Amino acid sequence: MSDGLKASLTAYAAEAAERLMRTDFGTLAEIGEVLLKAKAEGRSVFLMGNGGSAATASHVTNDLVKGCRAGDAPGFRAFCLSDSSALVTCLANDFSYEEVYSILLRTYAKAGDVALAFSGSGNSPNIVRGLAAAKELGLTTIGFGGRDGGRMKALCDLILIAPTDSMEMLEALHLVYFHDLVCAMRPALAKLAGVEACGCTC
């Protein structure tokens, strides 16, 4: 490996670590409280994103459903709106790509549920329309964004903006944030389920 490539890799990792520690962890904790309340009340969590952020939404859905299990108690009622390629392409083809998430939310969601969006720019029309529909339906809206938050910022009850302009870095931080959140919520989830917490930090 060339010294130049190694130096670039090391510099990226160092900057990512430094940006991570600039995070507003108070907002992340508030997001955790909203999710725990939704879990206690049997609410659903709907997740959405595009491209790499769609992959993050899918990964996080897995963490909420399986990673947040406590003993034999089920995890969250969490659904990634981009996971069905047949459904997404059907709605995009018959209506428009901009309306995909708003149509799905109007079909599935109920007042009191949670809509959670991942977006680097915060300006994707389907994310903006999805969050607008969520607010109309009475959902709590949460965003994981970057840069200046984009148009979705005004539509989120809570938004955590990764402190970087780098798309690669902010997407990585979004996943770190949620893994952090899952680990932090486990004691409360165990208490809610009436089981003993695992005692681990992760």
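Which residues in α5 meet which residues in α6? I noted first that this is a predicted model. Then I listed the contacts. From α5 come Tyr-101, Ser-102, Leu-105 and Arg-106. From α6 come Asn-126, Ile-127, Arg-129, Gly-130, Ala-133, Ala-134, Glu-136 and Leu-137. I sorted this contact by class and got six nonpolar, three polar and three charged residues.

Next I looked up the geometry. Helix α5 covers residues 100–108, and helix α6 covers residues 125–137. Their axes lie 7 Å apart, at an angle of about 25°. That angle makes α5 roughly parallel to α6. I also checked the handedness: α5 passes α6 in a right-handed crossing.

Then I turned to the cysteines. A disulfide is a covalent bond between the sulfur atoms of two cysteines. How many disulfides does a search of the whole structure find? I got zero.

My cut-off for a disulfide was sulfur atoms within 2.5 Å.

Cys-156 is in no disulfide. Its nearest cysteine sulfur belongs to Cys-80, 16 Å away. Is Cys-156 buried or exposed? Cys-156 counts as buried, because its relative accessibility is 12% and the cut-off for buried is under 20%.

How values were computed: Residues are numbered from 1 along each chain as its sequence is written. This is a predicted model: local features need pLDDT of at least 70, side-chain atom pairs count only at pLDDT 80 or more; totals for chains, interfaces and linings use all residues. Side-chain values use heavy atoms; hydrogens and water are left out. Axes are lines fitted to C-alpha atoms, for helices over the stretch in contact, and angles run from 0 to 180 degrees between N-to-C directions. Helices (H or I, at least four residues) and strands (E, at least two) are DSSP runs, numbered from the N terminus. Angles under 35 degrees count as roughly parallel, over 145 as roughly antiparallel, 65 to 115 as roughly perpendicular and the rest as oblique. A crossing is left-handed if the near helix is turned anticlockwise from the far one by less than a right angle, and right-handed if clockwise. Contact means heavy atoms within 4.5 Å. Ala, Val, Leu, Ile, Met, Phe, Trp, Tyr, Cys and Pro count as nonpolar, Asp, Glu, Lys and Arg as charged, and the others, Gly among them, as polar. Buried means under 20% relative accessible area, exposed over 50%, partly exposed in between (1.4 Å probe, protein chains only).
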